[in-house]
Amino acid sequence: MSSRELVVLMKDIVKVYPDGTVALRGVNLELKRGEIHGLLGENGAGKTTLMKILSGLIKPTRGEIYVKGKKVSLKNPAHALSLGIGMVHQHLSLVPVFTAYENIVLGLKNMKPGKTEIEKLMDSTGLKVPLDEVTENLSLGVRQRIEILKMLLRNVDVLILDEPTTNLSPIETRELFKSLRSLKEQGKTIVLITHKIREILEITDRVTVLRKGRVVGSVETNNTNSRELARMMVGREVILEIDKPPVRVGEVALEIEDLHVMSDVGGEAVKGVSFDVRYGEIFGIAGVEGNGQVELAEAIAGIRRVLKGRILLGGKDVTQLSTRERYSMGLSYIPEDRRIALAMDMSVAENSVLTRIIYDKTLVNKMGFLSFNEILRQAMKLVKEFDIVISTFSSPVRTLSGGNQQKLVVGRELSREPSVILAVQPTRGLDVGATEYIRRLLVKMRNKGKAVLLISSDLDEVMGLSDRMAVMYNGRFTGIVDPRKVTEEEVGLMMGGYSIEEIRHEVN
Amino acid sequence: MKNTGIAKSTALILLLVVIVAVVGVVIYMSLTQPTPAQTKTSPTTPSPTTTLPTTGAATTPAGKTAIAVVYDIGGRGDLSFNDMAYLGGNRAAREFGLELKEVQSTTEADYLPNLRTLAREGKYLVIIAVGFLMTDAITQVADEFPNQLFAIIDGYVEKPNVLSVLFKEHEGSALVGALAAMVARYYNYSAVGIVLGMEIPVLYKFEAGYYWGVRYGEKIYNEKTGVNASPLRIIYTYTGAFNDPARGKTATQAQLGMGAGVVYNVAGATGLGIFEAVEEYCKSQGKTQGPPFAIGVDADQDWIKPGFIIASMMKRVDVGVYEAVRRALDYYAGKISTYGGVLELGLKEGGVGVSTLDDLDTFLKIAIQAGRKDINRDEIYAKVKAMRDSLPSWIWDAVKNLEDQLKNNPEAVQVYGLTFADIASRVPYSSESIQYVRSTLKVG
Amino acid sequence: MSASVKLEYVSYIGNVLLALITGLAIGAIIISWGGYDPISAYRGLFETSLNIADPYYLAMTLSYATPLMLTAATFAISARAGVFNIGAEGQVFMGALGAVVVASLKLPDQLYLPMALLLGILMGALWGLIAGLFKVLRNVNEVVVTIMLNWIAYWIVEYARIYVYYDRYRPEKTISMPRSGVLPVLVPGSELSASFIIALIVTIIIYLVLWRTRLGYSIRVVGIGLKTAKYAGINPGLTMLYVFIIGGMISGLAGALEICGRPPTYAITTGASNIAGLGFAGISVSLLGLNHPIFIIPASIIIGALNAGSRGMQIRAGVPLEMVKAVQGLIVIALAVPGFTYMLRKWRIRKALRGETGD
């Protein structure tokens, strides 16, 4: 296999985003003709960034790209396409009201292939699509096939697929893999971006593992196994040490029973999850982003509709209650994005009561007007207690730095005297100091006897803070474990789709 | 940085607005140059040099050297009502050596402020409101400025300092009705039509006169030719608007489709659509002139689509305005003791009538004066003359004959058991009385 | 108000002045192009609108500003909730119709005014509610719904004017409000009635609602982002519905006030021409006033002055109305540009916040 011809060579690719984020720190990648190449890594490892560079969507800060031995400087996706490189993105970009055929030939200037030609292509690749059906009536799996056909008609040699199986059913996944194999037979090179170890082992010929913008290793799939891959993917340098005194765990504060939640694109994002969180413990949920964690949190907060199952808060069924009622019952919610948690154009003072305003009667005076004094008092308390740097209380919250914004959110939620704290990615995008500070706050709340549900894709965070933890994969838990009694390899495998039973069974 | 951001995009959009505005104005100017709306530019603002002192001017009180005309929301360039008011005002200004001030209104909320502001200026001999829509506004300012003279055209206000100028439109409409019937019968059409603006009682007078005239014309035609065809169908349509040519066009197309040979325009600017519909209908059949024909209203509109407008029912707003000014001068000269009252202008007073070739000549002159280079006066005159000549002269004579009878003895002419005096006696019309006339004369 | 916000407003006022000067300058070019004297035209404009020496002209300006202030408040409160509600036009029609319905009834004298205003407010609210229900329940674009409702309101009013509430003696208009139901004129011999004071109070109330109440807080959060609103436990649909209803009430009141507080007719006239266009003019007033109720007050006075001064340009400088309108339209558009870009910028930010743009 190694004797095969080199199609793409990426050398020492560095990408620094305008906001200073370093996504790639000198990555080398080789793609050979007729191989399926897996690109494995956690969130933020740089997989998608690397492939966006190869498909001409973004420009590298530094580094060289050779296509078929020739050095190129990719200007845009069309340029990359003309060199035979095409990418199918995670979010598909088809015109919903067009038929499948119209979408496939959309943008082809000179010769539009006839339907018979496309049908021939469909036969040879196994990518079956009803050509005359309007796209919006088709399932996500079929839409993906349309995207792939689109690329094939443009004669790509290198086909990049970004997390293609995220929204597919197992049968659809199997069919897709069959088609990918037949494309490989036809000499195409396929890059598969994924975090699912099982898929890597099932279909790829070689795999390159990325972690935090660096290549950890590039191996022949036949010469590796799931454990090695998990270690490569997750392996970490620093273990967070936070003083966590033992606390007597109390009663059940939050209970989730067989919860099913709808996703934005149709279908279920959460496919039956059950667990409970007790007073005085941090329950962590780890997992690669996009496996249903956000939807789970929104369902618990009452923002997203529950299809099936129950949510109990302090023993009371709140499944049908509004967000307002849940907040007033002692639920605090730190969402995954502070741009959701704050009304950016409104003032610091006003934002300090954002989740309180709807139920807290002390904020309204006898005349029915908002009490500015009370709101200001709140804001001053937060600023002082959580050490938030602001210019004035009336400046729009968007003028604050990211760290101070997040402190405002976390401070606001923790100071509402909650009994249950739901924290999603509470430290994302923060510097070391702010991260440390917020993590300590969460532990402090636990020590005070609050129930904390921590959902994060940062494995260090979950493993370091949680008393118990679950790993979420494809809308389900692959296991609930004690973070002190599990190896990182096991967690990596769970994140890659293996259940804890399977893993332990293999060991025995 | 954010602030300069706004300034930059603001400047950019402003620039865009500027460009669009300049282009728009250029296009607007080049388009409107040839329309009679521009008449105002040349003769309206007469330079003080033209205001030579005449006999009239000698009797005006000190400081009052001008007259003001306030147009209704139809505005100048309507090719009829307001333009005619301008004609009369202009004529009076010229003859009496006065300055003419024209004021237009955007909405009806502007009437009162317009009239008040003029009255406050204190230099106008008389302020003339064109149209009954200004009734309330005139009533109000007349009280506030008892020493200022006002006149309202086509409206009635009972104040000592307001002259109400009214027209007997039913008389003129009867004449064009008779003409319409004879023309329709002559060309073997089975129907005649009338397209009206908004349903207001002023228009009922037109309707009643027209219906009566149609039945009368039919009778004359039968007597003259000895042919007893079944009675003409009379179709009427209220478009609901005075300012919507598109609706006028649709309504007319429908009437033509139902076999109308003549369509009478009683719809202000909406009527422009009537003319267009008739012209298109004829041209689609390869004709360069009617039948079918339209009938114009208020002003002489025969020249707008020469060959397709058989005649116009002229409401001599110009005579009304002129008279209002003349009476104001008489009042100041001490010739009459009160200015207020009703001045009713009918056939006898020359206040209404059917347009003639001479009237056409006058209107063509205005158009030429206004700088409409595209108008070929001789050609239009020839076309209209040819159209008129294509009818047997006895038809025109019969119209003339009816005019004399209406002037002298309206009790003597009768159709379907209604004399013209009966028609006249029902003015002002209510919806009940027009209903009665419609059913008696078998309209619809 | 923080320093940065203040700075923003200062720079905004600078932009407005820049726009005003640009508008006036191009207007001057157009006027002199048409063969008239721009200086005397502008003198006529300002002497018959913002002339401090003559209260009559100031009163006229304020009387034109009155309905605009209210229709602008309708647009503003909706824009604050992120709703592009251009239904004020139709709500003015319905409000005016409500007042006319009351005028047609036999009532004790002192009841006419309160009943007319009340029914006007209710009918405006109803019209807002319909638009709101379409938007909230069926997610129909509010621009489409409100435009259609504007036309429906227009034809309802026209039908009612011609066939139901026509004045038996002057059927080109509806029945007029009886004298006892008419608001007093503030400056004798002018058009300025107590409706100006009512409009002023209502606009200030809208300010208080937006910035001092829980509802106003919710409205502004909804306007900033639906996700944020939901997160905060606010029901965005219900909030938008409130906004439509309140907006309808304000514009309904504007319509009723035109019937009860604008001499001389105190009725709906031919083609509803005396109440037409107020809703749309309110949009530019609101944009000029940054969709802020307090800024809307001076903004409405500026636009009111342009309306009032149009006769000055005609009478004193002899500029024909077509050209007056062209020049004023230009000035109004120029004035609305800074506010519009300001709003666009905010919407861009909001879109970026929702993650709808960029990658």
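The model is predicted: local features need pLDDT of at least 70 and side-chain atom pairs count only at pLDDT 80 or more, while totals for chains, interfaces and linings use all residues. Residues are numbered from 1 along each chain as its sequence is written, chains are lettered from A and ligands numbered from 1 in the order in which they are written, and side-chain values use heavy atoms, with hydrogens and water left out.

**Chain B**

- Chain B contains 15 helices and 14 strands, where helices (H or I, at least four residues) and strands (E, at least two) are DSSP runs numbered from the N terminus.
- Of its 444 residues, 60% count as buried; buried means under 20% relative accessible area, exposed means over 50%, and partly exposed lies in between (1.4 Å probe, protein chains only).
- Among the contacts in chain B with a separation of 6 or more, 72% are accounted for by residues 24 or more positions apart, a contact being heavy atoms within 4.5 Å.

**Interface of chains B and C**

- The size of an interface is often given as the accessible area lost when the parts come together.
- Between chain B and chain C the buried area is about 4700 Å², with 62% given by carbon and sulfur atoms; this is the accessible area (1.4 Å probe) that two parts lose on being put together, summed over both.
- Chain B contributes 50 residues to the contact and chain C contributes 55 residues.
- There are 15 residue pairs in polar contact between chain B and chain C, both residues being at pLDDT 80 or more; a polar contact is a pair of N or O atoms within 3.5 Å, where within protein one must be able to donate a hydrogen and the other to accept it, and residues adjacent in sequence count only if both atoms are side-chain atoms.
- On the side of chain B that touches chain C, α1 (2-32), β2 (99-103), α4 (111-121) and α5 (135-144) of chain B each supply at least two residues.
- The largest share of that side, 15 residues, comes from α1(B).
- By type, the residues of that side are 24 nonpolar, 12 polar and 14 charged; Ala, Val, Leu, Ile, Met, Phe, Trp, Tyr, Cys and Pro count as nonpolar, Asp, Glu, Lys and Arg as charged, and the others, Gly among them, as polar.
- L14(B) lies in helix α1 of chain B and is buried, at a relative accessible area of 4%.
- Apart from neighbours within four places in sequence, L14(B) is in contact with L18(C), A19(C), T22(C), A334(C) and V337(C).

**Salt bridges**

- Over all chains the structure holds 69 salt bridges, each defined by a side-chain nitrogen of Lys or Arg within 4 Å of a carboxyl oxygen of Asp or Glu.
- Across the interface of chain B and chain C, 4 salt bridges are found; one of them pairs E121(B) with R316(C) at 2.8 Å, N to O.
- In chain C, K135(C) and E142(C) form a salt bridge with their closest N and O atoms 2.8 Å apart, and both residues are buried.
- A network of salt bridges with shared partners joins E121(B), R43(C), E47(C) and R316(C).
- In chain A, D132(A) and K115(A) form a salt bridge at 2.7 Å, N to O.
- This pair links distant parts of the chain, 17 residues apart, with D132(A) in the loop between α4 (115-125) and α5 (140-153) and K115(A) in helix α4.
- D132(A) is exposed at 54% relative accessible area, whereas K115(A) is partly exposed at 33%.
- E436(A) and R440(A) form a salt bridge at 2.9 Å, N to O; both lie in helix α15 (residues 432-447) of chain A, 4 residues apart, about one turn of the helix.
- E436(A) is partly exposed at 24% relative accessible area, and R440(A) is partly exposed at 42%.

**T165(A)**

- T165(A) is placed in the loop between β7 (158-162) and α6 (170-185) of chain A and counts as buried because its relative accessibility is 4%.
- The side chain of T165(A) makes polar contacts with the side chains of K196(A) at 3.3 Å and E199(A) at 2.5 Å.
- Beyond neighbours within four places in sequence, the contacts of T165(A) are T173(A), L176(A), F177(A), K196(A) and E199(A).
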